[in-house]
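Hi,

Here is the structure I promised to pass on to you. Have a look at it first, and then read my notes below.

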Amino acid sequence: MKTSIYKRLGKAFLYLAFAKAILITTSCKSDHLYLTKVTSTQTHIDSTLQSVAQIEAYITPFKKSLDAQMDEQLSFNPVSMNKNDYKYNTPIGNMLATIVREQGEPIYKSRTGKNIDVVLLNHGGIRAGMPAGPVTMRRAYEIMPFDNEITIAELSGDQMNELINYLIDRKRAHPFDGMKIILNADDSVNEITIQNQPLDKDRTYIVATNDYLYNGGDDMSFFKGAPMMKIDYKIRNAVIDYFKKVDTIKFERDNRFEVLD
């Protein structure tokens with residue numbers, strides 16, 4: 001009986017050895033594959049692209065819900081505002097600078113105990129105007145479509161002087177708050193104040209901006225190397241939160257930046 005079992009086991013091992021030999025032989029064989037041709041096609045995403053009924057049916061309920069949220073009235077704007085209404089400062093720019101301060105400063109102060117001295121944004125960051133009438137969440141997304149975050153930087157007196165010279169050289173309605181820049185007709189400086197005080201080159205100024213500008217966007221190199229803090233608050237979200245809490249938007253052009261006759 002034992003001999004029969006051993007014979008069977010012997011045959012089994014023999015079969016296994018034979019199978020292993022075949023695997024080794026075949027696995028050692030390698031086919032050399034080479035890329036000989038590349039083909040591609042283009043699908044243009046434009047008005048000629050036909051919709052797919054199944055996809056449309058699936059997303060329609062979500063689109064209706066999103067549209068309802070985006071078009072809900074949050075506030076009211078009595079006068080149309082656009083970023084090119086005036087040369088040196090505009091109602092819409094003043095609004096955005098005020099919103100960054102009003103919405104961002106309490107968060108920053110709760111974490112550091114410090115107030116914001118100056119807010120600086122950029123003219124090009126305003127991507128749409130605000131027509132007179134109901135103010136919606138959609139309007140906030142149109143004005144600020146980017147995911148830029150409020151960023152608080154600590155600037156030395158010299159860096160602050162560079163910031164002011166930048167604004168004087170550009171002579172554009174970059175939104176800012178907390179400063180006054182008055183030039184004479186020949187572009188010489190008549191008055192510069194920060195929080196109603198002359199520039200002090202020996203102190204540090206707290207400047208609220210966005211992460212794009214802090215990283216040198218629009219050639220704002222004066223932020224380079226400045227200590228900074230992000231407060232995890234997108235400017236667009238700050239705008240939406242502000243719209244929700246005020247009944248009527250009221251902003252005007254003022255004399256924070258002007259050239260005397």
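A cavity, on a 1 Å grid over the protein atoms alone, is a set of points where a 1.4 Å probe fits but cannot get out. Its volume is the space filled by probe spheres set on the points, which are joined across faces, edges and corners. This is a predicted model, where local features need pLDDT of at least 70 and side-chain atom pairs pLDDT 80 or more, while totals for chains, interfaces and linings use all residues. Residues are numbered from 1 along each chain, and side-chain values use heavy atoms, without hydrogens and water.

The search of the whole structure gave 1 cavity of 30 Å³ or more, and the largest cavity has a volume of about 40 Å³. Its lining residues (an atom within 4 Å of a point) include Tyr88, His174 and Arg256.

Next, the nonpolar cores: sets of buried Ala, Val, Leu, Ile, Met, Phe, Trp, Tyr and Cys residues joined through side-chain atoms within 4.5 Å, where buried means under 20% relative accessible area with a 1.4 Å probe, protein chains only. The largest has 35 residues, and Met95, Leu96 and Phe243 are among those that touch the most other members. Another core, of 25 residues, lies apart from it and includes Ala153 and Phe222.

Finally, in helix H5, Leu163 and Ile164 are among the buried residues. Lysine 171 follows H5 and has a positive phi, near 45°.

Enjoy exploring!

How values were computed:
On a 1 Å grid over the protein atoms alone, a cavity is a set of points where a 1.4 Å probe fits but cannot get out, and a pocket is an open set with protein on both sides within 12 Å along at least five of seven lines; lining residues have an atom within 4 Å of a point. Buried means under 20% relative accessible area, exposed over 50%, partly exposed in between (1.4 Å probe, protein chains only). Helices (H or I, at least four residues) and strands (E, at least two) are DSSP runs, numbered from the N terminus.
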